[in-house]
Structure formats: structure tokens, C-alpha cells
Amino acid sequence: MLGAWRGWRALRRCSSLPRAVRLRVRQALGAREPAEAVRVQGWVRSVRSQKEVLFLHINDGSSLESLQVVADPSLEKKDLTFGSAVEVQGKLVKSPHRMQNMELQAETIRVVGPCDIWSFPLKMKERHPLEYVRQFPHLRCRNNTLGALLRIRSEATAGIHSFFQDNGYVHIHTPIITSNDCEGAGELFQIETPREAKESAEMTHFFNVPAFLTVSGQLHLEVMAGAFTHVFTFGPTFRAENSQSRRHLAEFYMVEAELSFTESLQDIMQVMEDLFKTVTSTVLSKCPRDVELFHKYIAPAQKGRLEQILKHKFMIISYSEAVEILKQAPQTFTFKPEWGRDLQTEHEKYLVKHCGDVPVFVVNYPYDLKPFYMRDNEDGPQHTVAAVDLLVPGVGELCGGSLREERLPFLESRLQRLGLTDTYQWYLDLRKFGSVPHGGFGMGFERYLQYILGVDNIKDVIPFPRFSHSCLL
Ligand SMILES: NC(=O)C[C@H](N)C(=O)O
């Protein structure tokens, strides 16, 4: 009985709702035909009250453009201001305005949530600098630039998943909490046991076992590539880098792939290049107006560049060639380039410029510079491993990958020298039970967005940036 009564109440609630069709702003703007009764909800981007007519622009995040609402001035109310949340009902009609297809002739306007414009940090029709809106992580998504970024980010995410799924890769959820330090660079955030969960005062770490936030899903992907052949993951990774630089975050997203039965670095580079080009084409075709905003106001030099880059094969140079180029550079570097030393940001920048401001693969790095899992090239005195970094203009390293050492004796002796045999017993096991040549790579998602959009600071391409001394919200 009670159920039936509730049902009746719900029915009454429904029937009292207006019957107008609810449209998102994007749908309303793209409609081919006028429509009699529609309802649009969103946040007011501008209000302009004239004697005869009231103009509003409302945006609901579905597109960069806002929908123009034309209303009788009698519908104006005190709390109908910039930033307020509204529901407008009326007729969708062809707009006489050259720049837009449709507009909404309001019959009713309801202020769902007013906005205190005096304390609201965003101002009407103002192009706020990215550094300014960064101070308001709870409100900056209402800013046009961040709105465009977040739509692009969403499309790029879908594009990355489609790229791999369409090519037969299995998606793996690699763990966030892990006991290994894949990169061996000591940049791990350790996990503590909260006081309430401690069985004894001495209990430390993660219930007394060392555990960290993951720096890379690679080793777990290697496990899976041993059964599924081609696998990928795309999730958050963490680095305890005490850096405020414009290229580093403590929490960032990484796309990683691992391919079994792969003997050449060339194959890995091909996947990196295909991934970059496919996802970028998707973004350009799905969010042209959002991308245009960046190329118009943030990075004018990037306009048209991407389309060019998509047409050409990426360049490849070896690490040794890179060092020679750097040694012959007319400029002096803070860090003197020398074979056997890591390439610094200033070196990467120079190399990319030298190659014509295009993405460049640098391959075959010194053995002693790279982590234990990379495959030994066994190439004489200048001993290298089959590693690759993809460098891009303005950002530097975008992807890093390698062939993995699949040969048990090589891996065993390397881990022994590092004193890591016990820790990586399971990893050695993989080389005993059906080991195959394999390799993979990781691409920093925020650096990818930084590059394609020409955004200078990595903090502006992630919804909630976390970096040294900062964890707002
Ligand atoms: N999956 C990868 O190859 C990425 C690599 N482990 C890195 O963190 O750079």
C-alpha cells in the first residue's frame, strides 16, 4: 500500500513538471529545426538588459559556445546574474545572428541557484589568466579555457582507450598500491598505516609491509603481457619529486602499453607514433573549437603545426648522435654534454630545435643510465640498452620505452649486481616460464596535452594539480 502511495506521489511530481524537451546547450546550438517547447539548464555567462529585450548567454559545459537566450525584460529578476544557475523554457528558433545557428526565446526563466557576484572570483566577459584561475580549483572549471581543456581531456581519454581496444589490446587495471619501485629512482610516496588501524605502536607502513603509490604500471603490465600478448593501462601515477617546475606533478596520468613477441624497438616506436597521431586527429576532429581557443589565445605559434606534424614521420636519432649534436652546438649549456650522462631539459630543447621543432625519438641510451629492466644491446665499449625517449617541442620527454630484458642470465646478473635478486624473484620467474621478447612504453598524459595545446604549465592541463607543497581541495 505504502509503495503504491509513493508511486502516486512520484507520478504527481512528474505530471507537474513542464513537458518541454530538455536539451543540452550543444544540442540546442546544433539543432537543425526550430522546436516549440524546450528546456535548457546551465550557468549564466552574460546578462545584458536593454529596454525592449533581455539577453542571456547560458553554458552547461557541453560546448565552448553559450546559448543565447532572448527574453522579455519582464522576466528579469534580481538574482538573475552572471554565474547563477538557471533553467530556461521556451522556443528554439533560428537566430538572426550570423555567428550562431539557434537561440532560445524564453517563456519562463527560473533561477535555480543564485550567485554572489561580489565574492565570485570570476568576472563576466573577462579572459582570466590561467595562473589566476589556478587559485580557485573549485571554480576554475567554469572558466572558458579550463572548460575547453577538460572537454579535450575527456575526448583524448576516450581516444586513447579506443586506439588500444581497436588494435586488440586488453585493458588492465594495474594497482595504485604496490611494493615495487619500477623506475628505481627513489621517487616513491610511502603508505603509512593510520593510528586507528595499527595493531601495535610499532606497526609502520602499510600494515607492516613496505608499500608505495605506484610510479609506473609497467612491471604489472609485463606480467599480463605474458598471457594477453598486448595490454595497456591508463591511470594515475605518483612521483615524490620535490619540484615546482612547469613540467612536473606529484600525481599525473600515464598511458602505458606492453607488447609480447616484439623484437625491435622500431615496433614500439611505431605504436607510440600511431597512438600520438590517432588520438591527436580524434581530438582535432571532435573538439575543433576547444582546440582553436588554445591556438588562438594561449599558443598562437601552435596553430596549424599539429596538422603538419601528423603528416610526417617522426625523426629518429641515437643517443650517441644526440651527444655529438650537443657537443657541436654553438651555445654553451649549464650541464656539459658528455657520453654517459643523462640528457638534461636544456639538451632536449636544443635537440628538438636542431631537428626542426618536430617530435624526435632518441634511441639506445647508455646501459648505466637506465633501469634494470631494459634490454642489453651488447654493443661493445659504448655499452647501450634498447631504450627510447620521444622528445617534443616545448615539453621535452613525452614518452619513454624500451625492449625489456627477457633473457634470464642477463637479468639475473644485473639484479645481482644491484642487490635486488630477492625483491624481483617473481620478475625473474617470468623469464623462466615461457619468456618472450617484449617491450613497451609510457606516455605522460598531461605532457601530451601540454604539447598539443601549447600550454606552458602542466598544472593547467589537469583538473586538480598536486605538486610539491600544494594539494588544494
Ligand atoms: N611503461 C613504461 O615503459 C614507462 C616507464 N616505466 C616509465 O615510467 O618511464
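A polar side-chain atom of serine 216 lies 3.0 Å from a nitrogen atom of the ligand, a polar contact in the sense of a pair of N or O atoms within 3.5 Å. The model is predicted, with local features requiring pLDDT of at least 70 and side-chain atom pairs pLDDT 80 or more, whereas totals for chains, interfaces and linings use all residues. Residues are numbered from 1 along each chain as its sequence is written, and side-chain values use heavy atoms, without hydrogens and water.

For arginine 404, the distance to an oxygen atom of the ligand is 2.9 Å. The ligand taken alone exposes 280 Å², of which the protein buries 91% (accessible areas by the Shrake-Rupley method with a 1.4 Å probe).

The shell around the ligand (residues with a heavy atom within 4 Å of it) consists of Cys182, Glu183, Ser216, Gln218, Arg239, Met254, Glu256, Tyr373, Gly400, Arg404, Phe441 and Gly442. By class, four of the shell residues are nonpolar, four polar and four charged; here Ala, Val, Leu, Ile, Met, Phe, Trp, Tyr, Cys and Pro count as nonpolar, Asp, Glu, Lys and Arg as charged, and the others, Gly among them, as polar. Strand 11 (251-260) and strand 16 (438-444) each contribute at least two residues to the shell, strands being DSSP runs of E with at least two residues and helices runs of H or I with at least four, numbered from the N terminus.

The ligand sits in the largest pocket, meaning that more than half of its atoms lie within 2 Å of the pocket's grid points. A pocket is an open set of points on a 1 Å grid over the protein atoms alone, with protein on both sides within 12 Å along at least five of seven lines, and lining residues have an atom within 4 Å of a point. The volume of the largest pocket is about 1,200 Å³, taken as the space filled by probe spheres set on the points. Its lining comprises 48 residues, with Glu183, Glu187, Arg239, Lys370 and Glu397 nearest the centre. Strand 15 (396-403) is among the elements that supply at least two lining residues, and gives the most, with six. The lining has 19 nonpolar, 14 polar and 15 charged residues.

The second largest pocket has a volume of about 1,100 Å³. It is lined by 34 residues, and Arg45, Leu64, Glu65, Ser66 and Asn144 are the closest to its centre.

Methods. A polar contact is a pair of N or O atoms within 3.5 Å; within protein, one must be able to donate a hydrogen and the other to accept it, and residues adjacent in sequence count only if both atoms are side-chain atoms. On a 1 Å grid over the protein atoms alone, a cavity is a set of points where a 1.4 Å probe fits but cannot get out, and a pocket is an open set with protein on both sides within 12 Å along at least five of seven lines; lining residues have an atom within 4 Å of a point.
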